[in-house]
Amino acid sequence: MTAPSHTPLNSLFSPNANGAQAATDGAHGSSAPMAHVSAARRRSGTVVGMSPQDIADLVHLRRARDFMDRDYAQPLDVPELASAALMSPAHFSRKFRAAYGETPYTYLMTRRIERAKALLRQGMSVTETCVAVGCTSLGSFSSRFTEIVGESPSQYRGRDHRDVEVVPSCVSMVATRPRRIAVTV
């Protein structure tokens, strides 16, 4: 028996017309952790091998991830994010890492750096950018920016970004998304 899908709450907890609600994700156009599961394995909004609790956990994790995407500039900590996901902080951290392949803090910092890159391209100063994206320490911000982007915020800001100006913002967001670079010493 499938719940009617005419209310917003039902769309969060029940499958869409294709029976694949739990396998899609609107944030940043990316796939949820279950996207690798073939359509043949999806049945009635559940995935073979996943309990209803696992699927509910993914919904709650997505809620916390959307909270990070929306309020990245606010001082967020794991207990607050765990509360949004209706989980204890330790359980939330374990589940988030298992689902998304990175810790909540790493995900949040990547979102902040992603936004910082856009602000720096617009000519905002490094200090103003640091504060605007929710970082409280300029040194930590610069270190993390350099770790993720591969160059310092000042170098990034000074670079010519005209090639990105002609690209639609939805494509630019994907193309300039920060990717963690392995540092070899």
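In the predicted model described here, Leu138 touches Val126, Thr127 and Cys130, residues up to four places away in sequence not being counted, where contact means heavy atoms within 4.5 Å. Leu138 has its place in helix H7, and its C-alpha atom is separated by 8.2 Å from that of Val126, a residue 12 places away along the chain. With a relative accessible area of 36%, Leu138 is partly exposed; in this scheme buried means under 20% relative accessible area, exposed means over 50%, and partly exposed covers what lies in between, as computed with a 1.4 Å probe on protein chains only. Because the model is predicted, local features need pLDDT of at least 70 and side-chain atom pairs count only at pLDDT 80 or more, whereas totals for chains, interfaces and linings use all residues. Residues are numbered from 1 along each chain as its sequence is written, and side-chain values use heavy atoms, with hydrogens and water left out.

The secondary structure of the protein comes to 10 helices and two strands, both taken as DSSP runs numbered from the N terminus, helices being runs of H or I of at least four residues and strands runs of E of at least two. Along the sequence these elements follow the pattern α-β-β-α-α-α-α-α-α-α-α-α. Of the 185 residues in the protein, 39% are buried. Among contacts between residues at least 6 apart in sequence, 56% join residues at least 24 apart.

Two packed helices are described by the angle between their axes and the distance between the axes. The axes of H5 and H7 come within 10 Å and cross at roughly 90°, the axes being lines fitted to C-alpha atoms, for helices over the stretch in contact, with angles running from 0 to 180 degrees between N-to-C directions. H5 and H7 are therefore roughly perpendicular to each other, a description that applies from 65 to 115 degrees, while angles under 35 degrees count as roughly parallel, those over 145 as roughly antiparallel and the rest as oblique. On the side of H5 the contact is made by Tyr105, Met109, Thr110, Ile113, Ala116, Lys117 and Leu120, and on the side of H7 by Phe141, Arg144, Phe145, Ile148 and Val149. These residues divide into nine nonpolar, one polar and two charged, where Ala, Val, Leu, Ile, Met, Phe, Trp, Tyr, Cys and Pro count as nonpolar, Asp, Glu, Lys and Arg as charged, and the others, Gly among them, as polar.

A search of the whole structure finds five salt bridges, a salt bridge being a side-chain nitrogen of Lys or Arg within 4 Å of a carboxyl oxygen of Asp or Glu. One of them joins the side chains of Asp57 and Lys95, with an N to O distance of 3.4 Å. This pair links distant parts of the chain, since Asp57 lies in helix H2 (residues 52-70) and Lys95 in helix H4 (residues 89-100), 38 residues apart. Asp57 counts as buried at 8% relative accessibility, whereas Lys95, at 26%, counts as partly exposed. Asp54, Asp57 and Lys95 are linked in a network of salt bridges.

Within helix H5 (residues 104-121), Arg111 and Glu114 are three residues apart and are thus separated by about one helical turn, and their side chains meet in a salt bridge at 2.8 Å, N to O. Arg111 counts as buried at 7% relative accessibility, and Glu114 likewise counts as buried at 11%. In helix H7 (residues 138-149), Arg144 and Glu147 also lie three residues apart, about one turn of the helix; they form a salt bridge in which the closest N and O atoms are 3.8 Å apart. Glu147 is partly exposed, with a relative accessible area of 38%.

A pair of aromatic rings is described by the distance of the centres and the angle of the planes. Five aromatic pairs are found in a search of the whole structure, the rings of Phe, Tyr and Trp (its six-membered ring) being paired if their centres lie within 6.5 Å, with planes under 30 degrees apart counted as stacked, over 60 as edge-to-face and the rest as tilted. The rings of Phe96 and Tyr100 have centres 4.9 Å apart and planes at 50°, so this pair is tilted. Both residues lie in helix H4, four residues apart, about one turn of the helix, and both Phe96 and Tyr100 are buried. The rings of Phe145 and Tyr156 form an edge-to-face pair, because their planes are at 65°, with the centres 5.7 Å apart. Phe145 lies in helix H7 and Tyr156 in helix H8 (residues 153-158), so the pair ties together parts that are 11 residues apart in sequence. Phe145 and Tyr156 are both buried. Phe92, Phe96, Tyr100 and Tyr107 form one aromatic cluster.
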